[in-house]
Amino acid sequence: MNNHSHVHDEKSLRLIMNRLSRIEGHIRGIKTMVQESRPCPEVLIQIAAVRGALDKVARVILDEHLTDCIARAAEAGNIEQEIEELKAALDRFL
């Protein structure tokens, strides 16, 4: 992995953190549903909603990475390394 850190602008950071907080609350709700023995289809629908929400957060982070980090790497002349790191992360993500 490279040594640069990614800095989200304030608006983006707030968006990501708000979405993650909602996901966190949604997961607590799913735990409650399981503890209350709610019907499995209802639980599965809620799990699907969390997956969708996580995918949206990942998309925001990926979009920022492509526009900020990849561009910075191109300017610095180490685009190949950055692309390889992104490919490795996507292999684990997908």
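In which helix is M17 found? M17 belongs to helix 1, residues 10-35. Helices here are DSSP runs of H or I with at least four residues, strands are runs of E with at least two, and both are numbered from the N terminus. The model is a predicted one, in which local features need pLDDT of at least 70 and side-chain atom pairs count only at pLDDT 80 or more, while totals for chains, interfaces and linings use all residues. Residues are numbered from 1 along each chain as its sequence is written, and side-chain values use heavy atoms, with hydrogens and water left out.

M17 is partly exposed, at a relative accessible area of 44%. The classes are buried (under 20% relative accessible area), exposed (over 50%) and partly exposed in between, computed with a 1.4 Å probe on protein chains only. Between M17 and A53 the C-alpha separation is 12 Å, and the two residues lie 36 apart along the chain.

The packing of helix 1 and helix 2 was examined next. Their axes come within 10 Å and cross at roughly 165°. Axes are lines fitted to C-alpha atoms, for helices over the stretch in contact, and angles run from 0 to 180 degrees between N-to-C directions. Helix 1 is therefore roughly antiparallel to helix 2. Angles under 35 degrees count as roughly parallel, over 145 as roughly antiparallel, 65 to 115 as roughly perpendicular, and the rest as oblique. The crossing of helix 1 and helix 2 is left-handed. That term applies if the near helix is turned anticlockwise from the far one by less than a right angle; clockwise gives right-handed. The residues of this contact comprise 17 nonpolar, three polar and four charged. Ala, Val, Leu, Ile, Met, Phe, Trp, Tyr, Cys and Pro count as nonpolar, Asp, Glu, Lys and Arg as charged, and the others, Gly among them, as polar.

Two further residues of helix 1 were inspected. S12 lies in helix 1. S12 is buried, with 7% relative accessible area. Beyond its neighbours within four places in sequence, S12 contacts V60 and E64, contact meaning heavy atoms within 4.5 Å. H26 also has its place in helix 1. At 28% relative accessibility, H26 is partly exposed. With neighbours within four places in sequence left aside, H26 is in contact with Q46, A49 and V50.

S37 sits in the loop between helix 1 and helix 2. S37 is exposed, at 63% relative accessibility. Its phi is positive, about 55°, although S37 is not a glycine. Most residues other than glycine have a negative phi.

Helix 2 (residues 40-76) also packs against helix 3 (residues 79-93). The two axes come within 9 Å, with a crossing angle of roughly 165°. Helix 2 is thus roughly antiparallel to helix 3. This crossing is left-handed. On the helix 2 side, the contact involves D55, A58, L62, H65, L66, C69, I70, A73 and A74. Helix 3 contributes I79, E82, I83, L86 and F93. The contact residues divide into eleven nonpolar, one polar and two charged.

H65 lies in helix 2. H65 is buried, at 18% relative accessibility. Not counting residues up to four places away in sequence, H65 touches I70, E82 and L86. Of these contacts, E82 and L86 are in helix 3.

C40, by contrast, is exposed, with a relative accessible area of 56%. A disulfide is a pair of cysteine sulfur atoms within 2.5 Å. By this rule, the count of disulfides is zero.
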